[in-house]
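I opened the model to look up its pockets and what lines them. My notes follow the display.

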Amino acid sequence: MPSEIRISMSLSSEIRRRRTFAIVSHPDAGKTTLTEKLLLFGGAIHVAGAVKSNKIKKGATSDFMEIERQRGISVATSVMGFEYKEHKINILDTPGHEDFAEDTYRTLTAVDSVIIVIDGAKGVEAQTRKLMEVCRMRKTPVMVFVNKLDRPGKDPFDLLDEIERELKIRVRPLAWPIGSGSSFQGVYNLYENKLSLFFPEDRQTREGEVVEIALSDPRLDELISAKSAAELRENLEIVEGVYPPFVLDTYLAGEVAPVFFGSALNNFGVMELLDCFVEIAPFPRPSRTVQRPIDPFEEKMTGFVFKIHANMDPNHRDRIAFLKICSGTFERNKNYLHVDSGKQLKFSSPTAFMADKKSIVDIAYPGDIVGLHDTGNFKIGDTLTEGEKLKFTGIPSFSPELFRYIENADPMKFKQLAKGVDQLMDEGVAQLFTMKMNGRKVIGTVGALQFEVIQYRLEHEYTAKCRYEPVNVYKACWIESDNATQLEDFRKRKFQYMATDKHGREVYLADTSYGLAQSQERFPDIRFYFTSEF
Ligand code: G4P
């Protein structure tokens with residue numbers, strides 16, 4: 001067999017066995033616990049507690065120390081790869097704190113599917129709703145894991161209705177809980193017609209027992225009591241009546257979310273979730289670029305940077321750029337075109353992530369994430385190819401929520417400040433706008449914590465000092481129009497509100513929602529966008 005064909009066959013099977021996904025939840029629903037249990041199943045870690053929560057905890061330490069702690073953890077857990085049943089699984093970590101929501105949105109551009117964790121007692125919470133919006137926009141297939149069934153929770157039917165209503169996605173239970181809280185007995189797995197029994201007295205060591213049993217089998221009455229068995233049969237009859245049978249394509253199209261129930265802490269229902277996940281979750285899907293769609297099976301390597309992580313050591317200002325491979329194979333020491341600068345780059349020590357370990361990798365496949373040592377070449381959204389000039393789409397910046405002027409607080413450190421701000425913006429910590437009127441710089445963020453992060457990191461990593469001043473901005477709108485006269489008129493009238501973003505694009509920093517609405521009315525030929533990609 002010619003070697004080219006052999007290579008493409010192995011490329012094809014490598015792609016098909018990959019599952020790259022993110023677990024998302026509202027803080028405290030159990031994302032960290034579930035991640036850890038999945039890693040335990042994959043043999044990637046051997047003790048519980050190995051995955052540290054990257055939550056920002058309020059309390060004894062000051063916020064920015066907490067942020068640094070979180071940042072230290074998040075480099076280790078950015079990508080957790082492991083092998084499970086002949087599949088290569090890549091879990092991409094997302095920050096828990098809502099002020100870092102934009103990091104999460106960007107991570108979601110690099111995954112092929114998502115598992116949403118919901119607390120069975122609390123139901124759908126605010127952050128889950130927002131994250132689901134991003135999944136819906138991108139038609140990302142999602143699975144739902146209803147967690148903490150060992151605690152008293154909401155009625156499963158009510159919960160499913162709530163998920164459909166609040167997350168605006170149809171659901172299909174593939175498992176059904178038997179009782180909850182102190183009367184929780186287990187889960188009936190509809191996907192495989194198996195019963196998993198729960199033994200609370202032995203919770204840390206035993207993972208429950210799995211019995212293959214049909215619903216009609218009289219032994220079910222003995223296993224969970226006649227009353228519970230009758231209730232289960234009745235509930236499942238309702239389930240089958242209410243929810244259409246599970247159709248794989250509707251899940252892959254992001255239209256229907258399969259739902260599982262369990263308790264991550266007790267390692268219960270987790271294996272069922274994982275087994276079904278590896279079977280039905282998609283392998284790497286085609287990606288979009290401005291120029292053309294990219295099929296993962298193409299021989300030539302393409303990939304984009306979705307995350308940049310600065311070194312924790314202030315003496316080394318190097319960074320790691322996280323590259324998602326979209327097609328072909330990525331090889332160590334091979335030249336690639338960095339489309340955004342036109343430079344040829346080669347990497348002698350690309351990093352692969354296996355659970356909490358990092359190692360140098362010689363070859364990586366679509367779906368994989370490699371860490372590239374970066375001395376300041378990359379920014380988020382950059383593309384690497386074997387020569388073709390491509391630009392991946394779908395990695396937008398959203399209009400920030402909070403805005404402040406940033407000023408130099410140490411006249412001797414002007415250069416350091418400029419460099420620091422520049423690099424932090426490349427990392428995606430916040431967005432920078434330059435006012436056309438007077439050249440003043442405005443920082444826009446999603447949450448208040450970022451202002452602290454910037455100030456702290458400028459001081460510790462760049463020896464620069466900044467201070468903030470209030471600025472009256474409600475929203476950043478990227479503008480565009482085919483009507484040159486109207487655009488010119490708008491620019492003149494709104495001169496004091498006009499700015500450019502980091503890429504030199506024109507942005508209108510509306511001061512109030514009223515001002516914005518009025519502008520939209522008066523200038524009907526101008527299109528106002530709230531994300532940088534349109
Ligand atoms: P997150 O990453 O989504 O923020 O949640 P995390 O896994 O950190 O879990 C939040 C809390 O919920 C933790 O308790 C965790 O032990 C608990 N938890 C997770 N899964 C279950 C479950 O199935 N049942 C019950 N009863 N609790 C669960 P904590 O007290 O905040 O932290 P810890 O001190 O126990 O680590």
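**Pocket notes**

I began with the elements: helix H4 (101-108), helix H11 (414-426), strand S25 (431-435) and strand S26 (441-445) each give at least two residues to the lining of the largest pocket. Helices (H or I, at least four residues) and strands (E, at least two) are DSSP runs numbered from the N terminus. A pocket here is an open set of points on a 1 Å grid over the protein atoms alone, where a 1.4 Å probe fits, with protein on both sides within 12 Å along at least five of seven lines; lining residues have an atom within 4 Å of a point.

The model is predicted: local features need pLDDT of at least 70, side-chain atom pairs count only at pLDDT 80 or more, and totals for chains, interfaces and linings use all residues. Residues are numbered from 1 along each chain as its sequence is written, and side-chain values use heavy atoms, without hydrogens and water.

I noted a volume of about 650 Å³ for the largest pocket, volume being the space filled by probe spheres set on the points, which are joined across faces, edges and corners. Its lining has 33 residues, with Ile380, Ser397, His503, Arg505 and Ser532 nearest the centre.

I then turned to the second largest pocket, which holds about 490 Å³. Its lining has 24 residues, and Thr109, Arg138, Pro286, Arg288 and Thr393 lie nearest its centre. H4, helix H5 (126-138), strand S12 (287-288) and strand S15 (319-327) each supply at least two of the lining residues. H5 gives the largest share, 3 residues.
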